[in-house]
Amino acid sequence: MKVPFLSFTPQNQAVRTDVLEAMARVFDSQWYVLGDAVRQFEAEYAAFSHTQECIGVANGLDALHLALKALDIKDGDEVIVPSNTYIATWLAISFVGGTPIPVEPVLDTYNLDPTLLEAAITPRTRAIMPVHLYGQACEMDAIMAIARKHNLYVIEDNAQSQGAAYNGRLTGSFGEVNATSFYPGKNLGALGDAGAITTNDAGLAKRVRTLRNYGSQQKYYNEVIGHNSRLDELQAAVLSVKLPKLLDWTRQRQEVAALYDQHLAGIAQLKLPATAAGATHVYHLYVVRTARRDELQQHLTAAGIGTLIHYPVPPHQQQAYASLGYQRGAFPLAEEIAATCLSLPMWPGMTENEVEVVSSAVRAFFQA
């Protein structure tokens, strides 16, 4: 049996009729930008996130960028980020002229290590940007305490963890302003690029709404130099159909992860996902680590099993950030994760038989 890395089929089958009807309503409305569908989804996602405000934008990177811009992060400012994350987190800081200051993760959870934050703070530090990586909530109580102590903003990158929580509080509700992505492969995915910002600050929400729409609140009257980054009406309509399914889809992801944990237990050379005390994990990805990662991936590919590496090159080693001058070994944990991590197939509706096929192939590799 071949097992792809990701299949949309079970999710699409569950919502196909409702999605097509929602898209038809947008088509027939003859209003395609910043209309009722966007306003409806913004209200629904704010309620889901336990925040007062949600502002739909074009994609997750724009959400991070506009969040920083709304807080007036600018040239010369420093923002603390994880050393291991998708490069979008760093790019958003660069877009506003800031400098990303990398901090290493807790190796077992892959999330930002709160015990290392204070050593990275300087007089130029303005914000901390934790990333809830792979679907697991960061240790937000400790992060927020440090931010309050040093009068720093917190901007959560919640692109991979909609519905995760730390000590009962949902990700995307801790920071002053927080960003998420609805890229199709995310836990709550649109049919193209889409993103959003959540906040409990009405003033920041108003600023983001202005920035996303050419710097304008009233058509043809521009208050600031803004951007064109508006959540599309069609994507908003699709997301409104999918959002009520998210909790059930999350439960299915967690069940698949539990099956992997069971079937892959006891392999000495394989590190399975771990969850921090107080955190929940919504398993956007099921990531394992092994020193034989490349060989394992080749073995699984030959067996018809799809895998991906999230992410093969940490940001500080990317050519785009060569100007920062980081040498190999500057962030050894990020480099170790990049060299050893492998994401196994994971999606809502994945069957136990499919998990067993993947797990058997992994076991066969290590037993050979």
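Residues are numbered from 1 along each chain as its sequence is written, and side-chain values use heavy atoms, with hydrogens and water left out. Because the model is predicted, local features need pLDDT of at least 70 and side-chain atom pairs count only at pLDDT 80 or more, whereas totals for chains, interfaces and linings use all residues.

Helices and strands are taken as DSSP runs (H or I, at least four residues, for helices; E, at least two, for strands), numbered from the N terminus. The axes of helix H3 and helix H4, being lines fitted to C-alpha atoms over the stretch in contact, with angles running from 0 to 180 degrees between N-to-C directions, lie 8 Å apart at an angle of about 40°. H3 and H4 are therefore oblique to each other, given that angles under 35 degrees count as roughly parallel, over 145 as roughly antiparallel, 65 to 115 as roughly perpendicular and the rest as oblique. The crossing of H3 and H4 is right-handed, a term used if the near helix is turned clockwise from the far one by less than a right angle, with anticlockwise giving left-handed. Contact, defined as heavy atoms within 4.5 Å, joins Leu61, Leu64, His65 and Leu68 of H3 to Ala88, Thr89, Leu91, Ala92, Ile93 and Phe95 of H4. These residues comprise 8 nonpolar, 2 polar and no charged, where Ala, Val, Leu, Ile, Met, Phe, Trp, Tyr, Cys and Pro count as nonpolar, Asp, Glu, Lys and Arg as charged, and the others, Gly among them, as polar.

Helices H10 (residues 293-302) and H12 (residues 352-367) have axes that come within 10 Å and cross at roughly 130°, and the two helices are therefore oblique to each other. Their crossing is right-handed. From H10, Glu295, Leu296, His299 and Leu300 meet Val358, Ala361, Val362, Ala364, Phe365 and Phe366 of H12, a contact with 8 nonpolar, 1 polar and 1 charged residues.

A nonpolar core is a set of buried Ala, Val, Leu, Ile, Met, Phe, Trp, Tyr and Cys residues joined through side-chain atoms within 4.5 Å, buried meaning under 20% relative accessible area, exposed over 50% and partly exposed in between, with a 1.4 Å probe and protein chains only. The largest such core has 29 residues, of which Leu68, Ile73, Val79, Met129, Ile155, Val177 and Ile197 touch the most other members. At least two residues each come from strand E1 (53-57), helix H3 (60-70), strand E2 (78-82), helix H4 (88-95) and helix H7 (202-212), with H3 giving the most, at 6 residues. Beyond its neighbours within four places in sequence, Ile197 is in contact with Glu53, Cys54, Ile55, Ala63, Leu66, Ala67, Val177, Asn178 and Val208. Apart from this core lies another, of 26 residues, including Val3, Leu300, Trp347 and Val358.

Three further residues were examined individually. His132, in the loop between strand E4 (125-128) and helix H6 (140-149), is buried, with a relative accessible area of 0%. Ala164, in the loop between strand E5 (153-154) and strand E6 (165-166), likewise counts as buried at 0% relative accessibility; leaving aside neighbours within four places in sequence, Ala164 is in contact with Gly135, Ala137, Arg169, Leu170, Thr171, Thr280 and Val282. Ser49, in helix H2 (residues 36-49), is buried with a relative accessible area of 3% and, not counting residues up to four places away in sequence, touches Leu170, Ser173 and Thr198.
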